[in-house]
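Please keep the sequence and the model at hand while going through the numbered points.

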Amino acid sequence: MRPARVEARGWGWRHTGRLRWALDGLDLVIEPGERVLLLGPSGAGKSTLLAALAGVVGGEEEGEQHGSLGLDGRPAAAARGRAGLVLQDPDAQAVLARVGDDVAFGCENLGVPRAEIWPRVAEALDAVGLDVPLAHPTARLSGGQRQRLAIAGVLAMRPGLLLLDEPTANLDPEGVAEVRAAVGRALERTGATLVVVEHRVSTWVDLVDRVVVLDHDGRLLADGAPDAVFAQQRAALETAGVWLPDAALPLFDGELGSAAARSEPVLTAAGLAVGRERRGEPVRAGLSFDIPAGASTVITGRNGVGKSTLALTLGGLLAPLAGRVEASPALARGLVPEPHRWRSTQLLTRIGTVFQEPEHTLVARTVRDEIGVGLRALRASRAEADARIDELLDRLHLGHLAHANPFTLSGGEKRRLSVAGVLAARPPVLVLDEPTFGQDRATWLELVRLLRELVAGGSALVSVSHDADFVRAFGDRVLRLDEAGLHIAAEVAA
């Protein structure tokens, strides 16, 4: 399939109910075969642009647009099939129950002959390193594996325009390298035009020949060859929160929890086996460890080893398949020691959990109401709730979105919203699954500062993360999970 040409002329999009345009007055031409890295702060409209190019941004009931946006001289909405889109949330693209069927789904909709579909499926799965049987249930894949599945489904369709929205954000380093290499091989073979959105520039900069940067208002900030843009627009890019390849992060002074870690653990796991189904085989078994108070514990490991399942079990949201998780008397406060036996309102003030997929927790009509869900369940006074919500809106850069529909937020904004919703109830234990996903440099730093303040104030923090910078900022205690069990890679100073 020939590579596609992209042209935007004065194009903009505004979500229904919003005062601000997600993108506004965009003039942009991408020639066939170009490889573009699209950068900008969280909420700049990058995902909206990709969705519009794929023809799935929504109809008149979901928003309004002005100007023109086209592929090969046709309106983008009328050129579906020319573009293949991988979304930030891989769950949004898993449509069938089995891996092979899911990868084949797009080809079937395009009318690819049956004899050609299954070789394409095998080739795409191999390219992304997803080594599971074709009949493997998609529901049993980890978040990172589902991301590879989504990319495989797009690669199998062989589009003229490949659109990738932070495709490696939830992958371990080995998975990042596999996907990056797979995309490179696909582009060499097909010559497809590429637009990839990513906050971390270093992953893709040597694959692209052009960088396009949007500002906070969804307008064009910079456009050109990578080296020239990074050199000439460095100050503006740093202000916009772009992760420049050679930009150092500020040092965080002091160790987290070195004294508190010697106190009684807030959670203790003994002989723990974790899994999603009570009657199923455990994902991991024989795990024994403590979670200390006033300290940060980071859980790392390859995709698919059970990190998210372990986090949900520690958070009291999954029952152990064997063994136990017990809370300290100080945390249980008169309840039975097993967190999975606590009611939701009892968990709210004891253990707060941020899921890997923030959409799974969204229940309210506005961002402000979403942050206040837990506070309403706890019957907090109006004045107390408003003060806490205002504080979190400000700290997590969500104030301008207070009255927006949570489902219209970018992936990074949804992540910060899910963190804010948990922090509102001030639980002494926080379990966070990939807390820095989708963050630009500025929002990453603010989130890290906020979490460090909580730990310094005595909270216990448990994080699942592939983010090497986050591990360095919080990794006084690092537990690595693999097929053999859980290993202490680094320990809080005694």
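1. A residue is called buried when its relative accessible area is under 20%, exposed when it is over 50%, and partly exposed in between, using a 1.4 Å probe and protein chains only. Helices (H or I, at least four residues) and strands (E, at least two) are DSSP runs, numbered from the N terminus. The model is predicted, so local features need pLDDT of at least 70 and side-chain atom pairs count only at pLDDT 80 or more, whereas totals for chains, interfaces and linings use all residues. Residues are numbered from 1 along each chain as its sequence is written, and side-chain values use heavy atoms, with hydrogens and water left out.

2. Which strands pair with β13? Two strands pair if DSSP finds at least two bridges between them. Strand β17 runs parallel to β13 and is joined to it by 4 bridges; within this pairing, Val298 has Ser463 as its bridge partner. Strand β18 (residues 477–482) is also parallel to β13, again with 4 bridges, and here Ile299 stands opposite Leu479.

3. A separate point concerns an open sheet of 3 strands, in the order β12-β11-β14, with antiparallel pairing. Strands β12 (284–292) and β14 (322–327) stand at the edges with a single partner strand each, so one side of each has no neighbour in the sheet. From one strand to the next, the twist averages 5°. Strand β11 (residues 265–274) and β14 are joined by 5 bridges, and Ala273 of the sheet stands opposite Ala322 in β14.

4. Helix α8 (residues 307–314) lies across β11, β12 and β14 and runs at about 130° to β11. Such angles run from 0 to 180 degrees between N-to-C directions, and the axes are lines fitted to C-alpha atoms, for helices over the stretch in contact. Contact means heavy atoms within 4.5 Å.

5. The structure holds 33 salt bridges, a salt bridge being a side-chain nitrogen of Lys or Arg within 4 Å of a carboxyl oxygen of Asp or Glu. In one of them, Arg200 meets Asp467, with the closest N and O atoms 3.2 Å apart. This pair links distant parts of the chain, 267 residues apart: Arg200 is in the loop between β8 (193–197) and β9 (210–214), and Asp467 is in the loop between β17 (460–464) and α16 (468–474). Arg200 is partly exposed, at a relative accessible area of 23%, whereas Asp467 is buried, at 11%.

6. A further salt bridge joins the side chains of Glu453 and Arg395 (3.2 Å, N to O). Glu453 belongs to helix α15 (residues 441–456) and Arg395 to helix α13 (residues 382–395), 58 residues apart. Glu453 is partly exposed, with 47% relative accessibility, and Arg395 is buried, with a relative accessible area of 18%.

7. Where is empty space left? Rolling a probe the size of a water molecule over the atoms shows this. On a 1 Å grid over the protein atoms alone, a cavity is a set of points where a 1.4 Å probe fits but cannot get out, and a pocket is an open set with protein on both sides within 12 Å along at least five of seven lines; lining residues have an atom within 4 Å of a point. Grid points are joined across faces, edges and corners, and a volume is the space filled by probe spheres set on the points.

8. The second largest pocket has a volume of about 1,100 Å³. Its lining counts 45 residues, of which Arg140, Leu141, Ser142, Gln145 and Val283 lie nearest its centre. Helices α4 (143–157) and α8 and strand β15 (351–354) each supply at least two residues of this lining.

9. There are 2 cavities of 30 Å³ or more, and the largest cavity has a volume of about 70 Å³. Residues lining the largest cavity include Leu155, Arg158 and Ala186. Helix α5 (residues 173–190) gives the largest share of that lining, 4 residues.
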